[in-house]
Amino acid sequence: MSLIKDLISPYKGMPREIYIIFISRIVNAMGCFVMPLMTIIMTDRIGLSNEAAGFFLSLNSMVFPVASILGGKLADTFGRKHLIIIFGTLGALLYMSCGFIKPSMQLIYVILGASTLMFVAGPAHDSLIADLTTPENRAKAYSLSYLGWNMGFAVGPIFGGLLYRRYLPLVFIGDAVTALIATGLIYFFINETIESTKNDITDESRKLEKREKGSIISVLLRRPILIYFSIIALGYEFSYSQWNFLMPLHSVKNFGEMGAQYFGWIASFNGLVVMLFTPILTRLTRKTRGIRIMVHGILLYAIGFGMLGLIYKLQYFFVSALIFTLGEVLLTISVMPFIVNHTPASHRGRMSAVLTTITGTGYAVGPMAMGRILNFISIEKAWIFIGIFTAMTAVLMFGLEKYEDRENTMREKEGSAVKVQQ
């Protein structure tokens, strides 16, 4: 009993709305049936080739940056809640309509339209949490949201798989219903928060969150630390993408016909580690600076991925998964708080969209680039390359920490000089 209390203690004392978001994330993820089955629907039910299915999946990824940036601008202009309700509902209704469309190209287009609408609402979700929190509890809030999604996603695809063979329409209808319930929780229990971003922040420790005028580009240029961060993050996202691309290939190479099944076990193990260790790591790192947490997370990526170039037995694949998943948790609970703490409240939606687009590029191009690299080196050497490359990004992140220290010192000196003049 005391263990359970220790696990939930980091999440105590937060605004009521954060717990509503947590429940909403669980419900939404429990009904996440469509996207995990997208490839199978296109190839098995519609009859597309693997190449054609890959094209439409890539097309879906290419739409994300445009939809996200549009959503960021709308979230900062018209409000977070309004955007979530409007686009979340429209996306859910499109998914609902898929339940009445026979497997065809039309079905693919409607699915892509629904996911695009969901992408537009994405920055509003991140901004909503940012508006409701302060630097003191922000990491815990994002951690709880991440935990909620993984709790729901642990069972969602299982239900989707059970429905797929005999009740394909229910895959779409179930996804839509849970999305509408999740959206309804926000509609009924959370007020619009954009007005809070118009209030002046008087706390000097939150100086970087004060409202500013100008475009998102001008704000970024005045905060070069966010530009440097996004470039570094692009690097480690490139590495992280390999666990969904290079690891399945490696598993099949090592274990033959059992490779796909073993990779499924490793994927499930990844989700279990996330659920078990997110509250533990949130508690252990509650007094650690976000950027230092990111350094540790990237180093765990480097170790977890790099070791795959030197090992062959199945149990060590699980050890690797444990190590890099701990890194995943550390990065997830620290990245968004870092971004928000360096972003004017007036630009939270746009900043979330732009930086997510930049960092997501690494994840998007990772499989394609590694596919080319594998023409010249073995899978084992590719993992060693990934380990070294990721370790270099950890060094760069450590350098960014020192850069932030210098920036903080300069701001403190400027603040002291102003006080003396007054």
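S334 touches G290, I293 and M294, leaving out residues up to four places away in sequence; touching, or contact, means heavy atoms within 4.5 Å. The place of S334 is in helix α15, and S334 is buried, with a relative accessible area of 1%. Buried means under 20% relative accessible area, exposed means over 50%, and partly exposed lies in between (1.4 Å probe, protein chains only).

This is a predicted model, in which local features need pLDDT of at least 70 and side-chain atom pairs count only at pLDDT 80 or more, while totals for chains, interfaces and linings use all residues. Residues are numbered from 1 along each chain as its sequence is written, and side-chain values use heavy atoms, with hydrogens and water left out.

**The whole protein**

The protein has 17 helices and zero strands. Helices (H or I, at least four residues) and strands (E, at least two) are DSSP runs, numbered from the N terminus. The radius of gyration is 22 Å, close to the 22 Å that the globule rule gives for 422 residues, so the protein is as compact as a globular protein of that length. That radius is taken over C-alpha atoms, and the globule rule is 2.2 Å times the number of residues to the power 0.38. Along its principal axes the C-alpha trace spans about 75 × 50 × 50 Å.

Of the 422 residues, 49% count as buried. Among contacts with a separation of 6 or more, 84% are made by residues 24 or more positions apart. The accessible surface comes to about 20000 Å², and carbon and sulfur atoms hold 67% of that surface. Accessible areas come from the Shrake-Rupley method with a 1.4 Å probe; for residues, only the protein chains shown count as cover.

The protein has 37 positive and 26 negative charges, and their mean positions are 2 Å apart. Lys and Arg count as positive and Asp and Glu as negative; His and the chain ends are not counted. The place of a charge is taken as NZ of Lys, CZ of Arg, CG of Asp or CD of Glu.

**Cysteines**

How many disulfides does the structure hold? The number is zero, where a disulfide is a pair of cysteine sulfur atoms within 2.5 Å. C32 is buried, with a relative accessible area of 14%. C98 also counts as buried, at 1% relative accessibility.

K313 lies in the loop between α14 (290–306) and α15 (314–341). K313 is exposed, with a relative accessible area of 53%. L314 is placed in helix α15 and is buried, with a relative accessible area of 19%. Leaving aside neighbours within four places in sequence, L314 is in contact with F255 and Y262.

M96 is found in helix α5 (residues 80–98). Is M96 buried, exposed or partly exposed? M96 is partly exposed, with a relative accessible area of 21%. Apart from neighbours within four places in sequence, M96 is in contact with F172, I173, A176, V177 and L180.

P279 has its place in helix α13 (residues 259–284). P279 is buried, with a relative accessible area of 7%.

**Distances along the chain and in space**

The table sets separation in sequence beside the distance between C-alpha atoms.

| Pair | Apart in sequence | C-alpha to C-alpha |
|---|---|---|
| K313 and F255 | 58 residues | 9.1 Å |
| L314 and F263 | 51 residues | 9.8 Å |
| M96 and P169 | 73 residues | 8.7 Å |
| P279 and F172 | 107 residues | 32 Å |

For P279 and F172, which are 107 residues apart along the chain, the C-alpha separation is 32 Å.
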